[in-house]
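Q: Can you walk me through reading ring contacts and strand packing? I have the model open.

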Amino acid sequence: MGSCVCLRHHFCYSGGVSTGAFQRRGLSTLFGKGVVTTPFYEYHRNRRRRVEASVATGFKEQELRSPDLVALEYADLNLSHNVTQELGHVRIRQHVNPLSSSLAVPVEVPDWNQVFKDPTLPLMVDIGSGSGRFLMWLAKRNLVLRNHLGLEIRQKLVKRADVWVKELSLSNIHFMYANATTSFNQLVSSYPGPLMLVSILCPDPYFKRKHHKRRVVQKPLVDSIVHNLAPSAQVFIQSDVHEVALEMRNQFDSVHVLKHIDEIDSSVLSDSEGWLLSNPMGIRTEREIHAEFEGAKIYRRVYQKQVNCF
């Protein structure tokens, strides 16, 4: 299992709507050819999604909200919503200070044999896993191929995700209330299998300059990720905030053992600035759905660790 869990072989983009859920039909696969992404294209692609969603839900296009699109995108998970009665109101965008003293101490490493059915499988870590739907969707489709670990600093989201994991009876996914900056290295270095994929998707932007130090992608975390990655493993980053995306890009571009995926595979399509034209994961994150609904552009990069890097 030491080989790369390559995005090319496991993920395709989603688009379109079938009965109650988006139909996976590879409209703009990351590794496909002939897709041209321009503001005009993006506008009409997002409009098409709203029209298709309105047909599926019975809502008029003008009445659709981005939560309706989220529900459609993740409809096949069939998750219950009554868990919030016990947890109280759960806010996805609730800000938590990652520099607080309560998050400064690394979390205790779990017994991986208790956490996963097979702890030797390749591992994917999603930093800032939010509600967890994105990671659960992937885990459900990769039951025997990969384990999934979600790290999130909003405790209520982790508790709710744990309830959903039990409902789905998934044995290859685990969520932890943890600050990735302080806990990533300790957790991943103890994992028995190879770390093959790390995702950091639309992290909190912390717009105020005085709060930039709270942003998750800082050099210590980047160094820890790269150090623990297995050869040929990958890092997927994205943001709907250009400034944040550039900051993340600069951090990972500076690591000499990483290459952007379009340098390795000529069929990967990027725009003139080097941002991927399509989402490679087969499912959009909730923030991604909200941002595209509002007409925002998503900035994406995928890096791969080189086998002979020393």
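Q: Which residues do ring pairs link into a cluster?
A: This is a predicted model. In it, ring pairs join Trp112, Phe116 and Tyr191 into a cluster. The structure holds five aromatic pairs.

Q: How is a pair of aromatic rings described?
A: By two values: the distance of the centres and the angle of the planes. Take Trp275 and Tyr299. Their ring centres lie 5.3 Å apart and their planes meet at 70 degrees, so the pair is edge-to-face. An angle over 60 degrees counts as edge-to-face.

Q: Where in the chain do Trp275 and Tyr299 lie?
A: Trp275 is in the loop between helix H11 (261-264) and helix H12 (286-293). Tyr299 is in strand S9 (residues 299-305).

Q: Are Trp275 and Tyr299 buried or exposed?
A: Both Trp275 and Tyr299 are buried.

Q: Which charged end sits over the ring of Trp275?
A: That of Arg249, 5.0 Å from the ring centre. Likewise, the charged end of Arg141 sits over the ring of Trp137, 3.8 Å from its centre.

Q: Now strands. How many residues of strand S4 (residues 147-152) are buried?
A: Six of its six. Asn147, Leu149 and Leu151 cover one side, with His148, Gly150 and Glu152 on the other.

Q: Which strands pair with S4?
A: Strand S3 (residues 123-127) pairs with S4 in the parallel sense over five bridges. Met124 stands opposite His148. Strand S5 (residues 173-177) also runs parallel to S4, joined by five bridges. There, Leu149 has His174 as its bridge partner.

Terms used. Residues are numbered from 1 along each chain as its sequence is written. This is a predicted model: local features need pLDDT of at least 70, side-chain atom pairs count only at pLDDT 80 or more; totals for chains, interfaces and linings use all residues. Side-chain values use heavy atoms; hydrogens and water are left out. Rings of Phe, Tyr and Trp (its six-membered ring) pair if their centres lie within 6.5 Å; planes under 30 degrees apart count as stacked, over 60 as edge-to-face and the rest as tilted. Helices (H or I, at least four residues) and strands (E, at least two) are DSSP runs, numbered from the N terminus. Buried means under 20% relative accessible area, exposed over 50%, partly exposed in between (1.4 Å probe, protein chains only). A charge sits over a ring if NZ of Lys or CZ of Arg is within 6 Å of the ring centre and within 35 degrees of the ring normal. Two strands pair if DSSP finds at least two bridges between them.
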